[in-house]
Amino acid sequence: MEPIQERLRQVFDALEISIYQAAKDLGENSSKFYNILNGRAKPSYDTIMRLLEQYPQVRADFLLRGQRPVLDEPEPNGKVIELQVRYTDLPFVPTRFYASFIETYIEGLSMDQLEIYRVPVDVVGNHKNVVVIEVAGNSMSPQLANGAKVLAVLVDPSNWEYQSGGIYAVIYRDFFVVKRIKDNELLTKQRLTLHSDNPNGGTVTIPLKDIRGIWKVVRVIDSPVE
């Protein structure tokens, strides 16, 4: 079976679209597809599913298993129904800009200064004060791989003491981490203990006075295939 990058190349050729156009339609960075087609990266499952949703004429059997034809043959006198996907731009925190995000948030600067990440409106739902965060490292694997993009909702400080069990992004002192809250002792001992899902990732206990902001991770938007 041909490698996935070759199958993607044939899909773009069959659709008669450029890499730039495909990236624009999917709300992705074009460099991501260039890296995939050059064999430097692999497409995530979410990216493949979004491509199939955006271009319903592409056969999933070809893209996933290499079974031809590339595109579905239109039925005689059939109508092509195009599904319109609406997107919204959200503040994006890539790993390389963690320090800038800490400064922006602590100093109360506008999130408009951050990079943006385009996601389908349906993914955001009714959530407010959301950001897209790129996960750094493998401390939260296997659930969150290095480079995964997650949707996170800002938690009001009055609700910090009630957060437990989920995965959160936390700013404390000059650090920004994505961990799981298991031991929330903010109410009794004024401290919060963050855990890694990966046993090698360790834990960290943070005094309440050092916490600057907490976001709850509510959804994985994109994740690389490991």
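Two strands are said to pair if DSSP finds at least two bridges between them, and strands (E, at least two residues) and helices (H or I, at least four) are DSSP runs numbered from the N terminus. The views below show a predicted model, where local features need pLDDT of at least 70, side-chain atom pairs count only at pLDDT 80 or more, and totals for chains, interfaces and linings use all residues. Residues are numbered from 1 along each chain as its sequence is written, and side-chain values use heavy atoms, leaving out hydrogens and water.

**View 1. Strands S4 and S9 run antiparallel.** Here, six bridges join S4 (residues 149-154) to S9. Look for Lys149, whose bridge partner in S9 is Asp222.

**View 2. Nine strands form an open sheet with mixed pairing.** Their order is S2-S1-S3-S4-S9-S5-S6-S7-S8. At the edges sit S2 (115-120) and S8 (203-207), each pairing on one side only. From one strand to the next, the twist averages 45 degrees.

**View 3. Helix H4 (residues 45-54) lies across S1, S2 and S9.** H4 runs at about 55 degrees to S9, with axes fitted to C-alpha atoms (for helices, over the stretch in contact, meaning heavy atoms within 4.5 Å) and angles taken from 0 to 180 degrees between N-to-C directions.

**View 4. Helix H6 (residues 98-106) has Tyr98, Phe101, Ile102 and Thr104 as its buried residues.** Buried means under 20% relative accessible area (1.4 Å probe, protein chains only). What covers these residues includes S1 (87-93), S3 (130-134), S5 (167-172), S6 (175-185) and S9 (211-222).

Conventions: Buried < 20%, exposed > 50% of the residue type's maximum accessible area, 1.4 Å probe, protein only.
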